[in-house]
Amino acid sequence: MKLDPAIRDQVLATVPSLRAFAISLCGNIDRADDLVQETLLRALAHIDSFEPGTNMPAWLFTILRNLFRSEYRKRRREVEDAEGRYAETLKSHPEQTGRVEFDEFRTALAKLPADQREALILVGASGFSYDDAAAICGCAVGTIKSRVNRARTRLADLLAIDSVDDFGPDRATRAVLAGGGRG
Amino acid sequence: MDESKEGRVGLKSHGRIGKSEDMKSHKTNVEAVEPADQPEHPDMAKRPHRPEIRLGREAQARIGELLRNMYNSYVNQGVPPHLADLVRRLGDEG
């Protein structure tokens, strides 16, 4: 049975953001493309489990995220050995942002715990609601909010972005709190 | 409770006689603690409470801008031909 062209178009339309999510997660374009390809193979093999009219991007992102996490567990040391290697593996550089700033951001992003990184990308870049991000990650909405907040705080510290609320903790305190654990 | 009647005979035959006195008391302590307030989600039960801190709006906006710039640079690369071909081929095969 041929795939419904409308479903196929929905899948194709999601691929750019799905791929952006994959690159942002694993920091390697070749691995990201493999991850997207595996995601598409699984999705289309189980397309009957997708309910038309529901959120196709969220469905595909969930598959990709789960594939990444299962691979991540196998290759944890490699992924967490991210001091510079993450950015080095990325070869494309946008024109709209300074290259140094761009690379600094990617390097800082790679230093986040994986659960904080995925939460921040889903909510802050992919445009998912906290509810959708929680469903994709299989956790509570409050957990996603906490992870996003900690990710932002850690990035602010790594990138020396200082505009914390007037009565907020100082930078050293933020670093301790943000680096204190995964949440 | 009389521990001599708890069926530990099988364990003794393997050379390890249950738990030490320290562990017994530890087990007892753990079991004695009934959570007064159930956490909203199982995740919450695993972690000690840590204070949340919140960045100012400018810092949040700056991080959001950097994040979206990076992400959009990848999105703007579009669909690599081999992935588009894969979807079309699988779609045609059904």
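## Helix packing in a predicted two-chain model

Helix α8 (residues 130-137) and helix α9 (residues 141-158) of chain A have axes that come within 8 Å and cross at roughly 100 degrees. The two helices α8(A) and α9(A) are therefore roughly perpendicular to each other, a term that covers angles of 65 to 115 degrees, whereas angles under 35 count as roughly parallel, those over 145 as roughly antiparallel and the rest as oblique. Axes are lines fitted to C-alpha atoms, for helices over the stretch in contact, and angles run from 0 to 180 degrees between N-to-C directions. On the α8(A) side the contact is made by A:Tyr130, A:Asp131, A:Ala133, A:Ala134 and A:Cys137, and on the α9(A) side by A:Val141, A:Ile144 and A:Lys145; two residues are in contact if their C-beta atoms, placed from the backbone, lie within 7 Å.

This is a predicted model, in which local features need pLDDT of at least 70 and side-chain atom pairs count only at pLDDT 80 or more, while totals for chains, interfaces and linings use all residues. Residues are numbered from 1 along each chain as its sequence is written, and chains are lettered from A and ligands numbered from 1 in the order in which they are written.

Chain A has 10 helices and zero strands; helices (H or I, at least four residues) and strands (E, at least two) are DSSP runs, numbered from the N terminus. In α8(A), the buried residues are A:Asp132, A:Ala133, A:Ala134, A:Ile136 and A:Cys137. After α8(A) comes A:Gly138, with a positive phi near 65 degrees.

| Residue | Phi | Position |
|---|---|---|
| A:Gly27 | about 70 degrees | just after α1(A) |
| A:Gly138 | near 65 degrees | following α8(A) |

Helix α1 (residues 5-26) of chain A has 22 residues, which should span 32 Å at 1.5 Å a residue; its end C-alpha atoms are 31 Å apart, in agreement. The expected span is 1.5 Å times one less than the number of residues. α1(A) bends by about 40 degrees at A:Val15, with a proline, A:Pro16, following within four residues; the bend is the angle between axes fitted to the seven residues ending at a residue and the seven starting there. Buried residues of α1(A) include A:Val11, A:Leu18 and A:Phe21.

Between the chains, α9(A) and α4(B) pack at about 90 degrees with their axes 10 Å apart. That makes α9(A) roughly perpendicular to α4(B). Here A:Arg152, A:Leu155 and A:Ala156 of α9(A) meet B:Ala59, B:Gln60 and B:Ile63 of α4(B).

Among the elements of chain B, helix α1 (residues 9-12) has the lowest mean pLDDT (38) and helix α4 (residues 57-75) the highest (93). For the complex, the predictor gives an ipTM of 0.79 and a pTM of 0.69.

Key:
Buried ≥ 20, exposed ≤ 12 C-beta atoms within 10 Å, placed from the backbone. pLDDT = per-residue confidence, 0-100.
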